[in-house]
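Subject: Handover of a two-chain model

Dear colleague,

Please find the structure below, followed by an account of what was found in it. I would be grateful if you could read the two side by side.

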Amino acid sequence: MTAQIADRLSMNLFFEKMYTTRQKRPPLKALILLTELEPESLRDFVQKRKKLAKIYNINLNKLEGDLYSLNVKRLLWKDHVSGNAILDASCKGVWVVYCNEKSRFARFGLERLFTRLYPDISRLYINYLQIRTLLDNIKNAYHGQTTLTYFILKREPRSADARLRSGTFQLWEENAEEELRSQSKNYRLTIHIVNFEVKDGNDAILLQGQISRRGVCKLRFGSFAMFHENVVLKAIGLGLKWKGFYGHRERLVKDGEILLRPFRISYSSQFDEKQLYRLTEKISKNYLCSIIHGGNPYFAANVCDYFDGSSFGVTALGNNVTITPITKGSHQAAWKLTNRLQEILGDGEIASIMG
Amino acid sequence: MISAPDIEQNCVRDFRKYSDTVAVCCAIYNLFSKDPDLAKFVGIEHSLRNTNGTLVTPDIAATFENDKRGLVLELKWSLPSDEGLLEKEIRELRKYAVPCLHWRKSVDKVDTQDLILVCHIDDAQRTVDKIKSLSKDEDQSHLAREGFAVWSWSITPPKKGERKEELRLFPVYGKTRNQKIEKLISQPGGILFSEDVLTFLRFMFTFIKEKPPLQYTMTVLIQNILPTFQRSPERESYDIHVDMIYERAKSFFPSWHEYDAATTQIKRRWIGEALEKLCELGLCCKVTHKDDWWKIPIPILRTRKPIQDVLCKKMAKAYLKQLRTKKKGRPRSSVSRPKATKKDKAITDYLS
């Protein structure tokens, strides 16, 4: 559907026209990625990875300046998914991939491709508090009112109350925010998707969109120019801020003195043994781990990212998870690990520890 | 006969003991460097020369009372259960009873020097019993005098209503001449370390002076050192010289000074031995016709279990196999004959 886009102006006009009229169609997905690669080298990077090269066929054409048209074909089981997207590399260190194809292509074609190009390309991971901040920024930019209309989250009861159940929870409601707040009192939450609406003073809808935990912003209805300005660029700003936070944290030895730059995820309640045993079990599935204490209820482990080679010391004590980069400790790996820990233990508040 | 699960259990326990002893070393370092009133930190593995001319490198050295008195701490992650070996270890502490020199640039000698032996709680009772019996010997009389103490440490799980797990040091034998430290350690519950020690400070160092168990060095290599050489996430392998690995590993050994040739050799040997063991377990291999070159696969190990569990299991299996081979002696060579297939003719067919 993006075949008629030849430059930035035609892209803006195309999406503007498409999403300011009410019609049933796939939403516009803006996939935000962090990378220092040049878009021209994407094909080479796919070719270098034998497994990816077997299932993906990629064509990239330059449209104008930092704008590219991307055609992706993926072998999925015995079938193919294929589609087009627009790659915008105008922000340094960031790629935004716009796609208005069906979600099957977006999820299994595009998202999986870029996820598997880690650590050369990394996803933008945002937690509940960061989504909250982003929504506040969006609200301020539109001078309107933001309301949550739908969310999907994973919840885990804070106490052993038998009435509280764990699992995935989703809610469609006009004002879902209240429910989200009440959920956070009884449960540890890992937010996955948030749908929101921005309305003006006359209650007219200016924007209907979605933000996901993995840095995908969707436009269902509203001006594309405004969406780009007030949602995508704000999400990029947030992403670059956190990229700076996670970067340059390796353990250093300076004049014989060892410098550590740890950070922590804080929670409002303490961990119990059950949660930490689950952490022990789940973290070993994604990372090469040596568990020193498995959660009694103190968890201490040394974890290594298979793909990136970064290694971290991870401890959980009281209501804090502390992450101490040891060797290499790239921002991509630190961010990915923080996200994985929050997927297991719930979203928390991330902050640096002053050594 | 010892079973594989027992060997594995001991192997994993040793891994944890060494790792926690490193955390204790970081904790004591942090205690002195944060509060110089207790004692002024001199260094970790600081080289002191005693008046007999022997070079000694205690785990931690400090001074107190305006640099007039010295304090050395020796950390033992594990002490032998064999009586003879335990006695030998304790007798070796005598080197710290001889006056030492070169404490600091400005402090060459001190009036008195105290020694604290820090050991795991599992070893404390045996060690104290042995010290008590040895102290009766005239040449080991320093063990009974003021200025020698044994401390132990524990990570205590919280009781109901208490907040978190805690790392505590407590006295088990003797006393030092540092009144401030004695006041602190003799309070109920001993010295309670800050929470930071259990969270991030424990990752400051990876080794102490004492040789780690092999499974510990192998884990550090697999997790913290070898992955830093990988340049691609693809499953490939790369060749590397042991010196390159040692250079990268250097920063994990606590040191405030350049190592001498002997120390470098010792630490390099730890790495060499760990690589040999990894090779024996089939996790890496030697590069043919090139000494000290190793072929390392990416990743070196892929598992959904904790690394030390996997390594200990492999080590236990290899150990038991070795034991069985020893018992049986050299296996006799047997002649193997390929089985006849339908196409093969019987030998009698060729006779006519």
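Domain bounds here come from an automatic or database domain assignment. For chain B, that assignment gives domain 1 (4–203) and domain 2 (214–321). Please note that this is a predicted model, in which local features need pLDDT of at least 70 and side-chain atom pairs count only at pLDDT 80 or more, while totals for chains, interfaces and linings use all residues. Residues are numbered from 1 along each chain as its sequence is written, and chains are lettered from A and ligands numbered from 1 in the order in which they are written.

**Chain B: the two domains**

The C-alpha centres of domain 1 and domain 2 of chain B are 29 Å apart. Between them, 13 residues of domain 1 of chain B are in contact with 16 residues of domain 2 of chain B (contact: C-beta atoms, placed from the backbone, within 7 Å). On the domain 1 side, the elements of chain B that give two or more residues are α1 (4–34) and β1; helices (H or I, at least four residues) and strands (E, at least two) are DSSP runs, numbered from the N terminus. The largest share of that side, eight residues, belongs to α1(B). By class, the domain 1 side holds seven nonpolar, four polar and two charged residues (nonpolar: Ala, Val, Leu, Ile, Met, Phe, Trp, Tyr, Cys and Pro; charged: Asp, Glu, Lys and Arg; polar: the others, Gly among them).

**Chain B: the sheets**

Seven strands of chain B form an open sheet with mixed pairing, in the order β1-β4-β5-β7-β8-β9-β10; two strands pair if DSSP finds at least two bridges between them. At the edges stand β1 (40–44) and β10 (191–192) of chain B, each with a single partner strand, so one side of each has no neighbour in the sheet. Within this sheet, β8 (residues 148–156) and β9 (residues 166–175) of chain B are antiparallel and joined over nine bridges. Thr156(B) has Glu166(B) in β9(B) as its bridge partner. Helix α3 (residues 121–134) of chain B packs on the sheet, touching β7 (112–120), β8 and β9 of chain B, and its direction makes about 165 degrees with that of β8(B). Axes are lines fitted to C-alpha atoms, for helices over the stretch in contact, and angles run from 0 to 180 degrees between N-to-C directions.

An open sheet of three strands in chain B has antiparallel pairing and the order β11-β13-β12. Its edges are β11 (237–241) and β12 (285–286) of chain B; each has a single partner strand, so one side of each lacks a neighbour in the sheet. Two bridges join β12(B) to β13 (residues 293–297) of chain B in the antiparallel sense, and Cys285(B) stands opposite Lys295(B) in β13(B).

**Chain A**

The domain assignment of chain A gives domain 1 (8–123), domain 2 (128–213) and domain 3 (252–352). Taken over C-alpha atoms, the centres of domain 1 and domain 2 of chain A are separated by 27 Å.

**Between the chains**

The contact takes 32 residues from chain B and 34 residues from chain A. On the side of chain B that touches chain A, the elements giving two or more residues are α1, α5 (195–199), α6 (214–225) and α9 (307–328) of chain B. This side of chain B has 13 nonpolar, nine polar and ten charged residues.

With kind regards

Definitions and conventions:
Contact = placed C-beta atoms within 7 Å.
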